[in-house]
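Hi,

Here is the structure I promised to pass on. Have a look, and my notes follow below.

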Amino acid sequence: MSSSAAIPGGLPDVVPMRRDPNHLGHHAAGEGESRATGHGTGGPSSKRIVVAYGFWIFLLSDIVMFAAFFAAFAVLRGGTAGGPTGAELFDIANVAIETVLLLLSSFACGVATLALNARRALLFQAAMAVTFLLGAGFLALELREFTDLVARDAGPTRSAFLSAFFTVVGCHGLHVTAGLLWLLTMMAQVFAKGFRPDILRRVMCFSLFWHALDIVWVAVFTVVYLMGSAA
């Protein structure tokens with residue numbers, strides 16, 4: 001018996017759909033897949049899979065960008081053009097406080113994720129509020145550091161070393177600023193729309209983004225501040 005005969009009224013070149021319980025399609029049982037031949041058994045993946053895949057690509061591209069900035073800083077850290085060096089400019093105690101604030105904000109973000117999974121709205125909002133306050137504190141200290149450096153004639157145009165410094169640290173600060181705006185948006189959406197699947201997906205993406213900022217900052221602390229102070 002031909003394959004087309006297995007499907008009453010089916011087209012001649014259509015084959016029966018083969019169910020695959022491990023396939024990441026629309027349903028756990030593999031249903032909802034395309035019957036088209038020549039492209040395997042799978043149709044379009046679910047939005048959850050597409051969003052997760054795309055967001056991981058975004059995060060990895062961001063990390064590659066920071067890696068390029070770190071390489072540039074490592075090359076230029078000795079190019080002070082007769083200006084102040086990192087050892088003369090950096091306040092490691094202030095940077096350590098910034099680091100603690102950001103790491104604590106990541107912990108609070110993790111608590112918010114647990115509250116999200118447990119569908120506890122009040123705990124979620126409280127944890128996100130703490131994350132915002134700690135992130136805002138980190139950003140305020142960073143802005144104060146930039147203001148102090150510019151006041152000491154150590155702005156980004158003073159030397160190649162300072163250009164690389166402001167590029168790396170400033171780019172991370174812009175990411176934190178965007179993350180804080182994203183955080184407020186997520187709080188408002190959960191408050192207004194509840195724990196809808198699309199809202200949950202967005203919050204999980206935000207959580208990944210915020211933790212990635214922590215990882216990048218640990219590299220900033222090590223490469224920029226510790227290595228920069230030793231130059």
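Leu60 counts as exposed, at 52% relative accessibility (exposed is over 50% relative accessible area, buried under 20%, partly exposed in between, with a 1.4 Å probe and protein chains only). Bear in mind that this is a predicted model: local features need pLDDT of at least 70, side-chain atom pairs count only at pLDDT 80 or more, and totals for chains, interfaces and linings use all residues. Residues are numbered from 1 along each chain as its sequence is written, and side-chain values use heavy atoms, leaving out hydrogens and water.

Leu60 sits in helix α1 (helices are DSSP runs of H or I, at least four residues, numbered from the N terminus). Together with Trp56, Ile63 and Leu208, Leu60 makes a nonpolar surface patch of about 370 Å². Such patches take residues with over 30% relative accessible area and no salt bridge, nonpolar side chains being joined within 5 Å; a salt bridge is a Lys or Arg side-chain nitrogen within 4 Å of an Asp or Glu carboxyl oxygen. Areas are Shrake-Rupley with a 1.4 Å probe. α1 gives the most to the patch, three residues.

Now for the inside. Ser207, in helix α6 (residues 197-230), is buried at 6% relative accessible area. Beyond its neighbours within four places in sequence, Ser207 is in contact (heavy atoms within 4.5 Å) with Cys109 and Thr113.

Cheers

Technical notes. Helix = DSSP H or I, 4+ residues; strand = E, 2+ residues; numbered from the N terminus. Patch = residues over 30% accessible without salt bridge, like charges linked within 9 Å, V, L, I, M, F, W, Y side chains within 5 Å.
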